[in-house]
Amino acid sequence: MLSNVLLERKIYASEEHRMMRDMIQDFISNDILDQNEQWEKDGMVSRTVWERAGSLGLLCIDMPTQYGGSGLDFSYSSLFIEELAKKGFSGPGFSLHSDIVAPYLLNHGTEAQKRQYLPVMASGNLITAIGMTEPNCGSDLKAIRTTAVDKGDHYLVNGQKTFITNGYLSDMAVVAVKTYPGKEKEGVSLLIMESKWDGFEKGIPFKKIGMKAQDTCELFFDNVKVPKENLLGREGEGFKIMMQELARERLTVAVTAIGNAEGALMDTIDYTSTRTAFKKPIAAFQNTQFKLAECATKLQVHQAFIDRCIQMVPTHELTAESASMAKYSATEMCGVVVDECLQLFGGYGYMWDYPIARMYADNRVARIYAGTNEIMKLLIARGLFRELFLQMKEDGKKIKNRDKGTSQSQ
């Protein structure tokens, strides 16, 4: 029904995309739909669904074939993200695995690291996570306290991470650490850490408002020995790497929001067309029509911008500012649309058996993770005033050097 109003999205218009969509929808019907309720009770999905996704080529979709991927472009990954989001299935953390961890390895890993990890990631036999957030620092990644002390042929890692998606099921995690603890420049680095190693412990999955089938937990490191060859990129350049890769991560959050909003809108159109009040369909009331017209317009406008951002990923044109705009605006839009749609379901919208209730609970965190929307606004503003901030920084250095010179002369 939405196709009668919304413009066709050209990024998904090819025959290959249509075939991929059909396969994804079959996968959802056959391997997720009947399992989701049990996963919510368990607080995690099964490893079987990961292996099934891998066997269908739905993991690491845009990774090169030489590393086990499908060799397609990011639009196929975004299609998978959206189709899952339309149905409100947030349990399988496929996107974090395929669209966040895998690019870290592909873009910054050694050839040995790529060949060791990417093929088993693509098969679904190795589940991954990324460890950035800590209890004390939230979005301030420079404030992390997890340390990695150089012991010659290995690092000794101690610390804690929290809110880790795929944390409980993870076999491997890319972990942000301080490699020069106690020094003026402590140096953030990234380490590839396997959960089977001594001292690597996992907390019990959190009980969350939403995303109940997603195994989000804490990770603990107690004198974990990490071989030097598991350093990802160069020592001390972890923060720089994270800044490069966060744009894609934030875009995946925006893509999920687009899928959630479209799914909510489709479900609500169907519901209001059949549910009656005062002897006529709810859709016959002008208030319903206006509310859904507003929601459809918001969705269409955001689809156009997000589609442009998706096209910029393969060409490496997606900027931090554009990704921040996408994440901030799309998640805010999704929150409004899902809320309006739930209202039109009336009391049934508050029942967990209805997908709209799950979407309402699930999508709220999108304005928090991958950098809060407040941080997104800050990053956008920094881009708008880049020259001013650079000049202020330079002026600050001059004042600091002048004051330093004055104190030495005294």
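**A lined cavity and a helix pair**

Helices α2 (36–42) and α10 (355–363) each supply at least two residues of the lining of the largest cavity. Helices are DSSP runs of H or I with at least four residues, numbered from the N terminus. The model is predicted: local features need pLDDT of at least 70, side-chain atom pairs count only at pLDDT 80 or more, and totals for chains, interfaces and linings use all residues. Residues are numbered from 1 along each chain as its sequence is written, and side-chain values use heavy atoms, without hydrogens and water.

The structure holds 1 cavity of 30 Å³ or more. A cavity is a set of points on a 1 Å grid, over the protein atoms alone, where a 1.4 Å probe fits but cannot get out; lining residues have an atom within 4 Å of a point. The volume of the largest cavity is about 60 Å³. Its lining includes Asn36, Glu40, Trp352, Arg358 and Asp362. Gly88, Ser90, Gly91, Met211, Lys212 and Ala213 also line this cavity. By class, the lining has 3 nonpolar, 4 polar and 4 charged residues.

Helices α5 (residues 94–108) and α7 (residues 238–274) form a pair whose axes come within 10 Å and cross at roughly 155°. Therefore α5 is roughly antiparallel to α7 (angles over 145 degrees count as such). The crossing of α5 and α7 is right-handed. On α5, the contact (heavy atoms within 4.5 Å) involves residues including Ser95, Asp99, Tyr104 and His108. On α7, Ile241, Glu245, Arg248 and Thr252 are among the residues that take part. The contact of α5 with α7 has 5 nonpolar, 6 polar and 4 charged residues.

How values were computed
Axes are lines fitted to C-alpha atoms, for helices over the stretch in contact, and angles run from 0 to 180 degrees between N-to-C directions. Angles under 35 degrees count as roughly parallel, over 145 as roughly antiparallel, 65 to 115 as roughly perpendicular and the rest as oblique. A crossing is left-handed if the near helix is turned anticlockwise from the far one by less than a right angle, and right-handed if clockwise. Ala, Val, Leu, Ile, Met, Phe, Trp, Tyr, Cys and Pro count as nonpolar, Asp, Glu, Lys and Arg as charged, and the others, Gly among them, as polar. On a 1 Å grid over the protein atoms alone, a cavity is a set of points where a 1.4 Å probe fits but cannot get out, and a pocket is an open set with protein on both sides within 12 Å along at least five of seven lines; lining residues have an atom within 4 Å of a point. Grid points are joined across faces, edges and corners, and a volume is the space filled by probe spheres set on the points.
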